[in-house]
Amino acid sequence: MESPVLRVENFSAHFGDTPVLKDINLSVQHNKVTALMGPSGCGKTTLIRCINRMHELITDAGVAGCIYLHDEDLYKMNPILVRKKIGMVFQRPNPFPTMSIYENVIAGYSLNGIKIKRDEKDRIVEESLRKAALWEEVRDRLHRKGSFLSGGQQQRLCIARALAMNPDILLMDEPTSALDPKATAYIEQLICELKNNVTILLVTHNIAQAARVSDFTAFLYLGDLVEFGTTEKLFTVPDDKRTEEYLSGKFG
Ligand SMILES: Nc1ncnc2c1ncn2[C@@H]1O[C@H](COP(=O)(O)OP(=O)(O)OP(=O)(O)O)[C@@H](O)[C@H]1O
Ligand SMILES: [Mg+2]
């Protein structure tokens, strides 16, 4: 197997005196979907905010241990560079409301002052929208505001915006929790297609979603990584009693 894109080693995080992640070890494999699953408050969002160096921006928040991106220590890299290499899609679709669809897709370049030629921009916009399965729906109105789109389309626009930067890994924090079942199914199918091109770490508290789309699953509970392995193994013969109870709906 190829070496992992991301490795989290003996990693802990806290808010003030409160530990929220305790000695986490996991790795994210190239062009696979890894699900981070667990009940509300277990630390899923905190972990992905540590991965893109957002956690440390909170007063009194801190971390210990290491995270490696392709063998490079993330915490020794420039955080701006980290956020360019690591794409992020949030729970609520958040296209820039004053920007057109086109400008939204290319925003990672324009906001970072990266200059590219017009035909190169056109190419990136089309390619990213195609990858996000949105091109056919918006190709005739690229210069209208992104906020006119439906919730599911807006979320795909946010996915296109992240993909436009050609990230090493795409972090998705419950990307379907604000969407209806139809838009959710569409995004789940998209995630399954995207992994041919990009490595995905998907946060979800939806057990069925983890089972449907992921290759590997990590189960977090109260800041502990209880179990991590292939989705098939974790869902059929979990090692830990807490995993078994969570999967059978006993808590969370
Ligand atoms: N800014 C903050 N200051 C202090 N504590 C925080 C802060 N943000 C989160 N926490 C706490 O850290 C713990 C982990 O929160 P986190 O948001 O990572 O959970 P989560 O697994 O993403 O939950 P959910 O499924 O509800 O999104 C929780 O106990 C939460 O209350
Ligand atoms: Mg969360």
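## Strand E3 and its partners

In this predicted model, strand E3 (residues 33-37) runs parallel to strand E8 (residues 199-204), and five bridges join the two. One of the facing pairs to look for is Leu36, which stands opposite Val203 in E8.

E3 is also joined to strand E9 (residues 216-221), again in parallel, this time by four bridges. Here you can pick out Thr34, whose bridge partner in E9 is Phe216.

## Inside the fold

Is E3 buried or exposed? Five of its five residues are buried, so the strand is largely enclosed by the rest of the structure. A residue counts as buried here when 20 or more other C-beta atoms lie within 10 Å of its own.

## The whole chain

Stepping back, the protein chain contains 11 helices and 10 strands. Its radius of gyration is 18 Å, close to the 18 Å given by the globule rule for 252 residues, so the chain is as compact as a globular protein of that length. Along the principal axes, its C-alpha atoms fill a box of roughly 55 × 40 × 35 Å.

Of the 252 residues, 40% count as buried. Among contacts between residues at least 6 apart in sequence, 68% join residues at least 24 apart.

Definitions and conventions: Residues numbered from 1 in each chain as written. Chains lettered and ligands numbered in written order. Predicted model: local features only at pLDDT ≥ 70, side-chain atom pairs only at ≥ 80, totals over all residues. Rg over C-alpha atoms; globule rule 2.2 N^0.38 Å. Buried ≥ 20, exposed ≤ 12 C-beta atoms within 10 Å, placed from the backbone. Contact = placed C-beta atoms within 7 Å. Pairing = 2+ DSSP bridges.
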